[in-house]
Amino acid sequence: MLSVSDGNNVTASAGNKTVTSYSEQPWFVLSAARHYDLHMSQDPAISHFYSFEADQSEGLTFAIPDGCVDILFDCDDARPDAQVCGSPLEARHAVLKHKHSYFGVRFAMGVVPDFLDVSAEELVNHEYGLLETVPGFEPFFEQIVGDSTFSSQVELFNRFYSGKMPRKTSDTTLKAVHAICQQKGDIRIKELENLTGYSSRTLQRQFQADMGMSPKAFSRIVRCQSAVHEINHQSSIVFSELASDLGFSDQPHFLREFKKLVSTTPMNYQRRVQQSDYLHRIRYA
């Protein structure tokens with residue numbers, strides 16, 4: 001199972017192996033009116049919980065590919081709502097409402113909670129109403145959106161999730177996920193064939209069933225997240241070196257890919273992160 005966080009790298013496990021991976025939604029952090037509160041989960045199936053008030057005065061917020069399933073609660077007094085959000089494959093507009101308070105649950109990378117009445121493949125690039133997807137959740141929904149205390153919201157969701165399990169992932173997919181994360185997405189399908197002992201067709205079919213996307217798409221996500229993490233945590237970066245470290249054929253290829261997945265160029269993104277003091281916006285609870 002993989003475990004990841006917005007502000008830090010976390011040791012993760014896939015079978016009996018460990019690997020470090022990342023799952024960041026930087027535009028959510030940058031759109032926070034004040035602090036972006038984050039609470040790491042004790043349950044390995046859940047990466048973390050987060051809470052923020054949206055400030056949409058400066059334009060659109062984007063969700064970027066992260067390989068995770070989120071449940072996002074809009075805790076508005078008048079019209080509360082909750083959505084189940086699968087990972088996008090490229091940057092896409094995230095509908096956040098100005099001055100609304102949000103509470104979110106991010107499951108670990110590759111984890112699909114078994115209480116959801118949708119497949120992994122149906123989740124990718126899609127959003128669903130939580131109450132339509134999880135029958136019987138109404139009492140917890142009302143309590144969560146009606147409570148403005150972050151720690152209480154975390155406790156309420158943990159109470160709901162207690163005793164529940166993620167869907168089982170095949171050993172073949174776990175091995176492939178581990179290798180992809182270990183190589184920061186810079187891996188070829190032939191290497192995965194050799195690692196798992198299965199043909200490309202079998203591997204891709206099993207991976208698609210478990211993860212809702214192809215190994216290639218997941219590798220793109222891991223490379224994107226690795227690039228975002230490096231920019232967020234390094235004060236000075238040479239983009240040509242970062243592109244080479246992540247296995248891109250050249251810098252223009254890296255720039256095109258980054259813009260597709262993050263919605264802006266690496267240089268513009270770095271400027272925004274530095275101007276907004278990104279890391280100090282995250283407040284650990």
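Figure 1. K99 is exposed, with a relative accessible area of 56%. Here, buried means under 20% relative accessible area, exposed means over 50%, and partly exposed lies in between (1.4 Å probe, protein chains only). This is a predicted model, in which local features need pLDDT of at least 70, side-chain atom pairs count only at pLDDT 80 or more, and totals for chains, interfaces and linings use all residues. Residues are numbered from 1 along each chain as its sequence is written, and side-chain values use heavy atoms, with hydrogens and water left out. K99 sits in the loop between β8 and β9 (101–107). Helices (H or I, at least four residues) and strands (E, at least two) are DSSP runs, numbered from the N terminus. K99 is not glycine, yet its phi is positive, near 70 degrees. K184 also has a positive phi without being glycine, near 55 degrees. K184 belongs to the loop between α6 (171–182) and α7. Its relative accessibility is 36%, so K184 counts as partly exposed.

Figure 2. Side chains of opposite charge can pair when their charged atoms come close. A salt bridge is counted when a side-chain nitrogen of Lys or Arg is within 4 Å of a carboxyl oxygen of Asp or Glu. The whole structure holds nine salt bridges. In one of them, E90 meets R220 at 3.9 Å, N to O. Why does this pair tie together parts that are 130 residues apart in sequence? E90 lies in the loop between β7 and β8 (92–94), while R220 lies in helix α9 (residues 215–233). E90 is partly exposed, at 37% relative accessibility. R220 is partly exposed too, with a relative accessible area of 24%. R220 also forms a salt bridge with E257, at 2.4 Å, N to O. This pair links distant parts of the chain, 37 residues apart: R220 is in helix α9 and E257 in helix α11 (residues 251–262). E257 counts as buried, at 13% relative accessibility.

Figure 3. The side chains of K190 and E193 form a salt bridge at 3.9 Å, N to O. Both residues are in helix α7 (residues 189–196). They are three residues apart, so about one helical turn separates them. E193 is buried, with a relative accessible area of 18%.

**Figure 4. A negative surface patch.** D81, E132, E138 and E142 form this patch. Patches are made of residues with over 30% relative accessible area and no salt bridge; like charges are joined within 9 Å, and nonpolar side chains (Val, Leu, Ile, Met, Phe, Trp, Tyr) within 5 Å. Accessible areas come from the Shrake-Rupley method with a 1.4 Å probe, and for residues only the protein chains shown count as cover. Asp and Glu count as negative, Lys and Arg as positive; His and the chain ends are not counted. The place of a charge is taken as NZ of Lys, CZ of Arg, CG of Asp or CD of Glu. D81 lies in strand β7 (residues 81–85). At 37% relative accessibility, D81 is partly exposed.

**Figure 5. Cysteines without a disulfide.** A disulfide is a covalent bond between the sulfur atoms of two cysteines. Here the test is a pair of cysteine sulfur atoms within 2.5 Å. How many disulfides does a search of the whole structure find? It finds zero. C181 is in no disulfide, and the nearest cysteine sulfur, that of C68, is 10 Å away. C181 is buried, at 3% relative accessibility. For C224, the closest cysteine sulfur is again in C68, 12 Å away and too far for a bond. C224 is buried as well, with a relative accessible area of 6%.

**Figure 6. Two spans of the chain.** L156 sits in helix α5 (residues 150–161). L156 is buried, at 7% relative accessibility. L156 and F140 are 16 residues apart along the chain, and their C-alpha atoms are separated by 6.9 Å. V134 is in the loop between α3 (130–133) and α4 (138–146). V134 is buried, with a relative accessible area of 4%. V134 and F150 are 16 residues apart along the chain, with 22 Å between their C-alpha atoms.
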